[in-house]
Amino acid sequence: MSVSERLAELGVELPGVVPPVAAYIPAKRHGDLVYTSGQLPMVQGSLPATGKVGEAEGLVSPTDAKTYARQCALNA
């Protein structure tokens, strides 16, 4: 099974490439590895949240943080 087939089976759709929002190289390939940097949970060109994670008012909830971390991984 190919990677594309497995992603489709899992219902995962990869987003388009997000351009860097600062002066850095977002990914660098070295042999069989790709190193990434500066990943943000960009969704359709915008940042859904910023801040610290926690349970208190005004903080990003742990549940939302998990969703944003997943988006960062997909963007990478």
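This is a predicted model: local features need pLDDT of at least 70, side-chain atom pairs count only at pLDDT 80 or more; totals for chains, interfaces and linings use all residues.
# A first tour of the fold

Reader: In what order do the elements of the protein run from the N terminus on?
Author: Residues are numbered from 1 along each chain as its sequence is written, and side-chain values use heavy atoms, with hydrogens and water left out. The elements are DSSP runs numbered from the N terminus, helices being H or I with at least four residues and strands E with at least two. Reading along from the N terminus, the order is α-β-β-α.

Reader: What is the radius of gyration of the protein?
Author: This radius is taken over C-alpha atoms, and the globule rule to hold it against is 2.2 Å times the number of residues to the power 0.38. The protein has 2 helices and 2 strands. For its 76 residues the rule gives 11 Å, and the protein is well over that, so it is more spread out than a compact globule, with a radius of gyration of 15 Å.

Reader: What share of the residues count as buried?
Author: Here, buried means under 20% relative accessible area, exposed means over 50%, and partly exposed is in between (1.4 Å probe, protein chains only). Helix H1 is hardly covered, with a count of 0 buried residues among its 8. Taking the 76 residues of the protein together, the buried share is 13%.

Reader: How much of the accessible surface belongs to carbon and sulfur atoms?
Author: Accessible areas come from the Shrake-Rupley method with a 1.4 Å probe, and for residues only the protein chains shown count as cover. The protein's accessible surface comes to about 6200 Å². The share belonging to carbon and sulfur atoms is 56%.

Reader: Which residues meet in a salt bridge?
Author: A salt bridge puts a side-chain nitrogen of Lys or Arg within 4 Å of a carboxyl oxygen of Asp or Glu, and a search of the whole structure finds 1. Its two partners both lie in helix H1 (residues 3–10), 3 residues apart, which is about one turn of the helix. An α-helix has 3.6 residues a turn, so residues three or four places apart point the same way. At 2.3 Å, N to O, the side chains that meet are those of Arg 6 and Glu 9.

Reader: Is Arg 6 buried, partly exposed or exposed?
Author: Arg 6 sits in H1, a helix where the count of buried residues is 0. Its relative accessibility is 38%, so Arg 6 counts as partly exposed.

Reader: Which residue does the side chain of Asn 75 reach at 3.1 Å?
Author: Asn 75 is in helix H2 (residues 62–75), and its 13% relative accessibility means that it counts as buried. Leaving aside neighbours within four places in sequence, its contacts (heavy atoms within 4.5 Å) include Pro 15, Val 18 and Gln 39. A polar contact is a pair of N or O atoms within 3.5 Å; within protein, one must be able to donate a hydrogen and the other to accept it, and residues adjacent in sequence count only if both atoms are side-chain atoms. At 3.1 Å, the side chain of Asn 75 reaches the backbone oxygen of Met 42.

Reader: Which residues does Gln 71 touch, not counting residues up to four places away in sequence?
Author: Gln 71 also has its place in helix H2. Its relative accessible area is 19%, so Gln 71 is buried. With those nearby places in sequence set aside, the residues that Gln 71 touches are Pro 15, Pro 41, Met 42 and Val 43.

Reader: Which residues make the nonpolar surface patch of about 230 Å²?
Author: Patches use residues with over 30% relative accessible area and no salt bridge; like charges are joined within 9 Å, and nonpolar side chains (Val, Leu, Ile, Met, Phe, Trp, Tyr) within 5 Å. One member lies in the loop between strand E2 (33–36) and H2: Leu 47, partly exposed at a relative accessible area of 37%. The patch is made by Val 21, Leu 40 and Leu 47.

Reader: What is the phi of Gln 44 near?
Author: Gln 44 is found in the loop between E2 and H2, and it is exposed, with a relative accessible area of 82%. Just after H1, Gly 11 takes a positive phi of about 75 degrees. Gln 44 has a positive value too, in a residue other than glycine, and its phi is near 50 degrees.
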